[in-house]
Amino acid sequence: MIDFTEEQLERYSRHILLDDVGVDGQEKLLQAKVLIVGAGGLGSPAALYLAAAGVGTIGIIDSDSVEISNLQRQIAHFTKDIGVFKVDSAAEKMQAINPDITVRTYKEYLCAANITKIIAGYDFIIDGTDNFPTKFLVNDACIFTGIPFSHGGILRFNGQTMTVVPGESACYRCSFREAPPPDAVPSCAQAGVLGAIAGMLGTIQATEALKYITGVGELLTNGLLTFDARTLTFRKINLARQKSCPVCGEEPSITHLVDAEQSVCELKSEPVAAPC
Amino acid sequence: MLRVKQEIIDEIVEHGRSEAPLEACGYLAEKDGVVCKCIAMKNIDASPVHYSMDPAQQFGAIRSCRAEGLAIRAVYHSHPETAAHPSAEDIKLAYDPALSYVIVSLEESSPTINSFIIKNDKVSSEQIEIIRAEKMTTTITADVFQNLRGIGCPMNLVKTKVAFSKMQSGQILGLILDNGPPINNVPRSVIREGHEVLSQEQLDDGAWSLLIRKA
Amino acid sequence: MQITVNGEANELHEAEVNLSKLLEIRRVESPEMVAVQLNGEFVDMENYPSTFLKTGDDIEFLYFMGGGSR
Ligand SMILES: [Zn+2]
C-alpha cells in the first residue's frame with residue numbers, strides 16, 4: 001500500500017472522494033502504465049488528463065515535430081514549441097501539470113519491427129495515430145499481446161471510438177478488416193477537422209483508460225461510439241466479435257505483424273502524408 | 001464530599017433563576033451516595049434575602065423520597081445578589097447538622113455553587129464532586145484515531161477515507177470533526193459508503209467526537 | 001421494403017436492392033472508406049453486389065476515421 005503524502009492527498013482528493021475510485025483506485029492509477037500512440041489531436045488531451053490523474057507511468061510515441069498547423073487542435077503544444085519534437089513538447093506540459101509521474105518519450109515511428117517491444121509492460125494503450133496502417137498495427141499487436149486499447153478517429157465534424165479488450169470483445173478488424181486504399185483516404189490537410197472535437201474524443205479515450213485501470217463502470221467494448229458535432233448527436237453502434245475476423249476470429253489469416261505497404265518504417269525521417 | 005449529578009446542578013441553577021430576584025429553596029435527595037433528585041420547595045417568605053420552607057410541603061417531600069428509596073442529603077437555596085456563602089441568617093437557621101447546606105450564587109453571569117456543613121454555628125466548606133452522565137461510548141475503543149480538528153471539507157473526508165483504507169472491516173475509527181460543515185457532511189458521506197456511525201457527541205469546545213465501524 | 005440504416009427507419013421503394021445499390025442511394029461517395037455491417041455481421045466489399053436486402057434488415061455504415069497527429 002502506498003502512503004500518500006499530504007500533497008498527493010490534496011492533488012488527488014477529487015478522485016479519492018469518488019466512492020468508485022477512492023484510495024484504492026488512486027493507488028492503481030499511480031501504479032499504472034499507459035502508452036499513448038501519437039502526440040497529436042487525440043494524444044494531446046489524453047496525455048494531459050492522464051498526467052493530471054496521476055497515471056504513474058505514461059509513454060508517448062511520435063516521430064514528428066510541432067508545426068504551426070498543429071496548434072489549432074493539438075493542445076499539448078504551444079506556439080513556442082514549433083520545431084520541437086512533439087513528444088518532448090507534450091512531456092514538458094505533462095510534467096508541469098504533475099511532477100509526480102514518469103513520462104517516457106519515444107521519438108520513433110511505430111512499425112512491425114518495434115511495436116511489440118515498445119508496448120510490452122503497458123497496461124493500456126491509447127491509439128491516437130494519424131494513419132490507418134498504424135491503427136491496424138496497434139490493433140494486431142494488442143490482440144497478440146493481450147493489451148487492451150482505445151481506438152479513436154476524427155474527421156471534419158465527426159469522431160468515433162471503441163475500446164478493445166483482446167479475447168473478450170470485438171476488435172478493430174472485426175468491423176473494419178483492413179486499411180482503406182491510401183488514395184481513398186482524405187487527409188486533414190484536405191478535409192479539415194474542427195479542432196475541439198479532438199478534445200471531445202481524446203478525453204473519452206482518457207476516460208476509458210482511467211475506467212480500465214480503476215475498474216469503474218463498463219468499458220466501451222463491443223460498441224462503436226460515433227458523434228457528429230454539427231448536430232451533437234451521439235450514437236453507440238453495437239458491434240460483436242466476428243468469427244470471420246482475420247486476427248481474432250476462428251481461423252485468423254493474420255498470425256504475425258507485418259507493415260502495410262504504405263507504412264513508413266523505412267522512411268523514419270519523413271513519414272508519408274497520412275490523414276489528420 | 002457532596003457528590004451531585006450534573007443535571008441536578010443544572011436544575012438548582014434553573015430554579016434559582018426562575019425565582020430571582022427572590023431566593024429559591026429546596027431539598028437534594030441522594031441514592032447510593034450520589035444526589036440524583038432536586039425537590040424545589042416554595043419560599044413562603046417570598047423574600048430576596050431569606051427563605052423559609054412550608055412545613056407541610058417539607059413533610060410531603062420527605063415522605064415521597066422515602067417511598068422512592070431516596071434520602072434527603074442537603075438543603076439548597078439561592079443568593080440572587082450575593083456570594084455563595086452562608087449569611088448570618090443562614091447559619092442561625094441551620095437546624096439540621098446531618099444535612100449539607102448548598103448555596104447557589106447568581107450574582108455573576110456564570111453561577112457559583114458551594115456546599116457547607118454547619119454545626120453549632122460553625123461553618124466548614126464541603127467539596128462538591130459533579131458526576132457527569134455516563135457516556136455510552138466509554139465501553140467502545142477506537143482501533144484507529146484521527147483528529148481532524150481544523151481540517152475543512154473535503155480534506156477531512158479524504159483523510160477519513162485514507163484511514164478506512166488501512167483498516168480491516170469491522171474495526172472502529174475514532175474521529176474528531178469540527179462543528180459546522182464537517183459534522184454536517186462527513187457522517188452523511190461515510191454512511192452512504194456503508195460504514196456505521198456508532199456514536200456522535202459534541203465536546204466542550206464545540207467539536208464532535210465520533211466512532212465509526214468500517215463496513 | 002422497410003429497413004434500418006444507421007439506426008434510422010428507411011422505406012425503400014425499389015423491389016430488389018443490393019448493398020452496392022444502397023450505397024448509391026445513400027450517396028456514399030467513397031465506398032472504400034465505409035465498412036458495412038448487416039444485422040450485426042461484417043459484409044465483405046466483394047459481396048456487396050450479391051447481398052440483397054429484405055424487410056427488417058439493420059444496416060450500419062461504419063466510416064473509417066483517422067487520428068489527429070498530423
Ligand atoms: Zn477481431
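Analyst: A cavity is a set of points, on a 1 Å grid over the protein atoms alone, where a 1.4 Å probe fits but cannot get out; a pocket is an open set with protein on both sides within 12 Å along at least five of seven lines, and lining residues have an atom within 4 Å of a point. Points join across faces, edges and corners, and a volume is the space filled by probe spheres set on them.

This is a predicted model: local features need pLDDT of at least 70 and side-chain atom pairs pLDDT 80 or more, while totals for chains, interfaces and linings use all residues. Residues count from 1 along each chain as its sequence is written, chains are lettered from A and ligands numbered from 1 in the order written, and side-chain values use heavy atoms, without hydrogens or water.

Now for the open ones. The largest pocket has a volume of about 1000 Å³. Its lining takes in 31 residues, and the ones nearest its centre are Asn158(A), Asp228(A), Arg230(A), Tyr63(C) and Met65(C). Strands S6 (158–164), S7 (223–228) and S8 (233–238) of chain A, along with strand S5 (58–63) of chain C, each give two or more residues to that lining (helices, H or I and at least four residues, and strands, E and at least two, are DSSP runs numbered from the N terminus). The lining of the largest pocket splits into 16 nonpolar, seven polar and eight charged residues.

Next up is the second largest pocket, at about 750 Å³. Some 40 residues line this pocket, with Arg173(A), Phe176(A), Arg177(A), Glu178(A) and Ala179(A) closest to its centre. Chains A and C turn up here too: helix H7 (132–145) and helix H8 (172–176) of chain A, plus strand S3 (34–38) and strand S4 (41–43) of chain C, each supply two or more lining residues. The biggest share comes from H7(A), which gives five. By class, the second largest pocket is lined by 24 nonpolar, seven polar and nine charged residues.

How do the chains touch? Two pairs of chains are in contact, and chains A and C share the most contacts (contact means heavy atoms within 4.5 Å). Chains B and C have no contact joining them, and their closest C-alpha atoms are 38 Å apart.

Chain C itself has one helix and five strands, and along the sequence these run β-β-α-β-β-β. Its C-alpha trace spans about 45 × 25 × 20 Å along the principal axes.

Over in chain A, have a look at helix H4 (residues 43–53) and helix H10 (residues 195–214): their axes come within 8 Å and cross at roughly 40° (axes are lines fitted to C-alpha atoms over the stretch in contact, with angles from 0 to 180 degrees between N-to-C directions). H4(A) makes the contact with Pro45(A), Ala46(A), Tyr49(A), Leu50(A) and Ala53(A), while H10(A) brings Ala198(A), Gly199(A), Gly202(A), Thr203(A), Ala206(A), Ala209(A) and Leu210(A). Those residues come out as nine nonpolar, three polar and no charged.

Chain B has a helix pair as well. Helix H4 (residues 155–165) and helix H5 (residues 181–192) of chain B pack at about 35°, with axes 10 Å apart. Asn156(B), Leu157(B), Thr160(B) and Phe164(B) of H4(B) meet Pro182(B), Val186(B), Ser189(B) and Val190(B) of H5(B). That contact has five nonpolar, three polar and no charged residues.

Finally, some backbone details in chain B. Cys153(B) and Pro154(B) are joined by a cis peptide bond with omega about 0°, and Pro154(B) sits in the loop between strand S9 (144–148) and H4 of chain B. The peptide bond from Ala20(B) to Pro21(B) is also cis, with omega near 10°; look for Pro21(B) in the loop between helix H1 (6–19) and strand S2 (25–31) of chain B. Asp32(B), in the loop between S2 and strand S3 (34–41) of chain B, has phi near 50°, a positive value in a residue other than glycine.

Terms used:
Ala, Val, Leu, Ile, Met, Phe, Trp, Tyr, Cys and Pro count as nonpolar, Asp, Glu, Lys and Arg as charged, and the others, Gly among them, as polar.
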